[in-house]
Amino acid sequence: MSARILVSGASVAGPAVAYWLARYGFEVTVVEIAPAPREGGYAVDFSGPTHLTVLERMDLLTELRSRATGGRPSRFVNGKGRTIFQLPAEFTGGDLEVPRAEVSRALQERGGDQVEYVFGDTVTALEQTTDGVLVSFRDAPARRFDLVIGADGMHSTVRRLAFAPEDACVSYLGYQVAGWSLPNQWDVRGELIFHNRPGTLAGLSGDARVPTQADAYALFATPEAVVPRDDRHQVLQQVYAGQRWLVPELLAAFPAATEVYFDAVARVQVPSWSAGRIVLLGDAACGATLSGLGTGLAVVSAYVLAGELAKTGDHERAFAEYERIVRPYAQRCQGEGQPARLLAPTGRAALRLRNLLLGSATGRALAMRFGGKAVPGPDLPDYTIA
């Protein structure tokens with residue numbers, strides 16, 4: 001089995017698979033378009049025994065628990081800031097909630113000197129031959145690798161170059177979601193506060209560990225699948241015009257934010273996760289925005305892919321077995337409802353019904369299935385024994 005592997009993407013899936021591959025003796029390079037490890041982003045969830053088993057086998061579970069947020073309850077308010085209903089921390093936090101940057105940093109640290117990380121560059125072309133893949137980069141000279149793993153997210157460059165155009169693999173689900181950092185002038189700590197109007201949700205959260213910092217959120221229905229970067233603030237102002245609560249202050253902080261996330265709510269479906277010596281991993285293969293399960297799925301998928309490569313010694317067999325084990329699990333994770341419709345109902349009647357439903361104990365119990373609840377995972381081989 002050849003041993004030189006390129007991984008595109010250094011969020012979670014990429015560093016996770018790089019860790020395992022290096023542990024099994026492969027020579028691994030990770031390339032990431034961002035100039036440095038990303039510091040912002042949402043808190044991410046791990047839910048259920050499948051996620052926690054893999055973290056335990058990485059000797060990472062105790063460390064991530066020390067970095068965990070502890071989960072945060074949610075409170076929905078009206079235009080005057082009065083509470084309409086509340087949801088427990090389990091609704092958004094799963095079994096373990098950790099800031100995304102903390103997860104990524106821990107995984108990169110696990111790889112240590114055994115993994116080469118290249119930041120500020122990206123793949124521009126992939127040419128497969130009988131014995132490898134010639135990879136061209138935007139800045140660095142071209143290099144030959146034995147295998148390429150596309151772990152570069154929902155808008156994967158590797159998938160576009162080697163599989164199909166993005167519009168053939170990514171289905172838009174009718175919402176845009178945004179998040180940005182801002183000063184915590186309201187002293188919000190340890191909770192998520194949300195305000196709705198039909199088709200929109202605005203939110204604010206604070207982390208008790210960093211009391212001066214807060215995060216704002218926006219989720220809104222729109223037929224536009226893409227919002228150009230230069231139009232984002234204007235679009236937010238148009239969509240949220242006239243809203244009360246803290247909405248004007250949150251939007252006013254958007255232009256100055258140093259950490260911004262803005263993307264479509266979408267689902268990724270690819271007929272086959274591999275093409276020759278190239279394979280997709282994480283959101284590039286099976287992403288689903290707001291599912292609450294994508295990070296755990298990425299870690300599980302990385303464990304299986306690397307384990308199969310180490311076990312079989314043949315990339316074709318390994319890729320096929322990886323997809324056989326993980327795809328049904330990924331489809332169950334993708335099918336766990338569409339949280340956007342619950343968080344931001346598009347009609348007045350639907351919004352009133354949602355509030356009545358979640359205002360009752362029975363309704364809240366029913367709604368937990370849309371949160372971070374675990375999805376039954378596959379029987380995981382224990383590759384670490386070998």
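At what angle do α10 and helix α11 (residues 315-334) pack, and how far apart are their axes? The two helices pack at an angle of about 160 degrees, with their axes 8 Å apart, where axes are lines fitted to C-alpha atoms, for helices over the stretch in contact, and angles run from 0 to 180 degrees between N-to-C directions. This is a predicted model, in which local features need pLDDT of at least 70 and side-chain atom pairs count only at pLDDT 80 or more, while totals for chains, interfaces and linings use all residues. Residues are numbered from 1 along each chain as its sequence is written, and side-chain values use heavy atoms, with hydrogens and water left out.

**α10 with α11**

- The angle makes α10 and α11 roughly antiparallel to each other, a class that covers angles over 145 degrees, whereas those under 35 count as roughly parallel, 65 to 115 as roughly perpendicular and the rest as oblique.
- Their crossing is right-handed, meaning that the near helix is turned clockwise from the far one by less than a right angle.

**α10 with α1**

- The axes of helix α1 (residues 13-23) and α10 come within 8 Å and cross at roughly 30 degrees, and the two helices are therefore roughly parallel to each other.
- The crossing of α1 and α10 is right-handed.
- A13, A16, V17, W20 and L21 in α1 meet α10 residues that include A298, A302 and L309, and the contact divides into eleven nonpolar, no polar and no charged residues.

**α10 with α2**

- Helix α2 (residues 48-57) packs against helix α10 (residues 294-312) at an angle of about 55 degrees, with the axes 9 Å apart, so the pair is oblique.
- α2 passes α10 in a left-handed crossing.
- T50, H51, V54, L55 and R57 in α2 meet G296, L297, V299, V300 and Y303 in α10, and these residues divide into six nonpolar, three polar and one charged.

**The second largest pocket**

- About 180 Å³ of space lies in the second largest pocket.
- Of the 13 residues that line this pocket, the closest to its centre are N196, R197, P198, L351 and N355.
- The elements that give two or more residues to the lining are β4 (74-77), β13 (191-197) and α13 (348-358), and the largest share, five residues, comes from α13.
- By class, the lining has five nonpolar, four polar and four charged residues.
- A pocket here is an open set of points, on a 1 Å grid over the protein atoms alone, where a 1.4 Å probe fits, with protein on both sides within 12 Å along at least five of seven lines, and lining residues have an atom within 4 Å of a point.

Technical notes: Helix = DSSP H or I, 4+ residues; strand = E, 2+ residues; numbered from the N terminus. Contact = heavy atoms within 4.5 Å. Nonpolar A, V, L, I, M, F, W, Y, C, P; charged D, E, K, R; others polar. Points joined across faces, edges and corners; volume = space filled by probe spheres on them.
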